[in-house]
Amino acid sequence: MGAGECWIFDTWRRHRVLNEGSAQRIHLVADTVGGERFWDLLSEGRAPGQAYHGEWRPRLHPPVAGKRAKLDFEQVNAPAVMSPWEVREHMVFLLGECVADPRLGAIQAALLRFSRRWQALWACHGEDAAGRPRYQALLDATRRELLGLGADRIDLRNDVGFWHALNSHVFDMALSDESRPAQTDVHGQPDVHAGAVVVPEPTAPTRSGISSSRVGPALERPVFIVSPPRSGSTLLFETLAGAPQVYTIGDESHQLIEGVDGLSPAQRDYHSNQLGADDARFAVVQELQSRFRNALCDREGRVPERESAVRMLEKTPKNALRIPFLKAVFPDAKFIYLHRDPRQVWGSMIDGWMSGRFRMYSLPGWQGPTWSFLLTPGWQALNGQPLGEIVARQWETATRIMLDDLQTLPADDWASVDYGRFLADPQGEALRLSAWAGWAWDRELGTELPLSRYTLSQPDADKWRRHAAEIEPRLAQWRATIDRAARAAGL
């Protein structure tokens, strides 16, 4: 981006703005539906990298002294009841963005039934408040049906969870909440781009974003699953999220945390994802608690009552480096340490790096493949190293820091589970962990659990052997941390 240039880009896709120069820059981001003249100007633009055609040249529009343009401001964002035509528009778009999955046929059929029933209710009630109970009943029933069909395990091509996006774009917005404050913006949360100074936008109820400014419930004894990446935390999380009266944000909290001012690695000289208690400043605590509260729903897709205290379950592998920070934000937080055979973890991490699906940061001076997974302290020393060395050091650094931090906590504040034992007895481990966490468990799990949403290939305990030449020589080097991790898991 050059000084004075105006760019339009697709914010639905993953995006970032990198400032690779030495001068500080400010990017003014305008999120708008656009008026008539805006779209005329857009049609006269050109795509990046394309040559000018004919006599086309960019035109400067200098300000005219003493003249101020009259602007139209958006006043309407969320109607009392979303029209059936808008419902269908959002659903068709999201289904078209789904990664191929055998469950999609049944999910699409369920959404078609929902849209037809919504249209029937609309024809009967429109925006009349008398119809709200029937609208709400249909929303609740559809959420339950879709969860039963595995809609919460579908991914979109931009790496957002389908269930998270469907709730944000349709179910959470289909009926307006009369207690919401005035709508001042159409973007849900600040847009913090790596390496750029950005003018953030205020948080407001939104149909285009992923959050809302709803005042949420109190979070009581939240439980965080912590582990190095590719340890099986998604499968454990998706299993325990099936407990009654347990609420989650539906996905990992990367942007929810790193979107808070001052918490992203780009704003911390790319040191790492590590955060300490000193980072839990008052404004950060208020913002982060609010973000979590506003994003919660239970296994049925229902949001918690406004004033009630709820139990939250969360998992993001980067949180292995944030335990003191999370304990400062949530003083009564509890942690589940998930252990897995490091050979299996390293093999899966190598696959993840090679797949390109877990890219996180374009690091200054980094010569290797785009950094994937959590950013560990001391990553600079890995520049130019083989992928096997990078992965082993990522795991060792994250595991060592995580265990150091866990073992400073009171014994009652954390528990452990081994991935192999969990697979061997999912029902027994779910009951044990639920009893420890202090919530109920009312499901009967089979001997085989469904694949988690981030599975790359068919599970196999010996799959790591494909990378044995990169893994086995490094086991002795990190034996002390490997043995310590196993002991912490009771092995």
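I looked up helix 2 (residues 84-96) and helix 5 (residues 162-171), whose axes come within 10 Å and cross at roughly 160 degrees. I note that the model is predicted.

I then asked how the two helices run relative to each other. An angle over 145 degrees counts as roughly antiparallel, and helix 2 and helix 5 are therefore roughly antiparallel to each other. I recorded the crossing of helix 2 and helix 5 as right-handed.

Next I listed the residues that make the contact. Helix 2 contributes V87, H90, M91, L94 and L95, and helix 5 contributes F162, A165, L166, H169 and V170. Sorting the contact of helix 2 with helix 5 by class, I found 8 nonpolar residues, 2 polar residues and no charged ones.

I turned to strand 4 (residues 223-226) and looked up which way its side chains point. V223 and I225 point one way from strand 4, while F224 and V226 point the other way. In a regular strand the side chains alternate between the two faces of the sheet. Are V223, I225, F224 and V226 buried or exposed? I found that all are buried.

Finally I looked up the pairing of strand 4. With strand 6 (residues 309-315), strand 4 pairs in the parallel sense over 3 bridges. Within strand 6, I identified L313 as the bridge partner of V223. Strand 4 also pairs with strand 7 (residues 334-339), again in the parallel sense, over 4 bridges. I noted that Y337 of strand 7 stands opposite V226.

Definitions and conventions
Residues are numbered from 1 along each chain as its sequence is written. This is a predicted model: local features need pLDDT of at least 70, side-chain atom pairs count only at pLDDT 80 or more; totals for chains, interfaces and linings use all residues. Side-chain values use heavy atoms; hydrogens and water are left out. Axes are lines fitted to C-alpha atoms, for helices over the stretch in contact, and angles run from 0 to 180 degrees between N-to-C directions. Angles under 35 degrees count as roughly parallel, over 145 as roughly antiparallel, 65 to 115 as roughly perpendicular and the rest as oblique. A crossing is left-handed if the near helix is turned anticlockwise from the far one by less than a right angle, and right-handed if clockwise. Contact means heavy atoms within 4.5 Å. Ala, Val, Leu, Ile, Met, Phe, Trp, Tyr, Cys and Pro count as nonpolar, Asp, Glu, Lys and Arg as charged, and the others, Gly among them, as polar. Buried means under 20% relative accessible area, exposed over 50%, partly exposed in between (1.4 Å probe, protein chains only). Two strands pair if DSSP finds at least two bridges between them.
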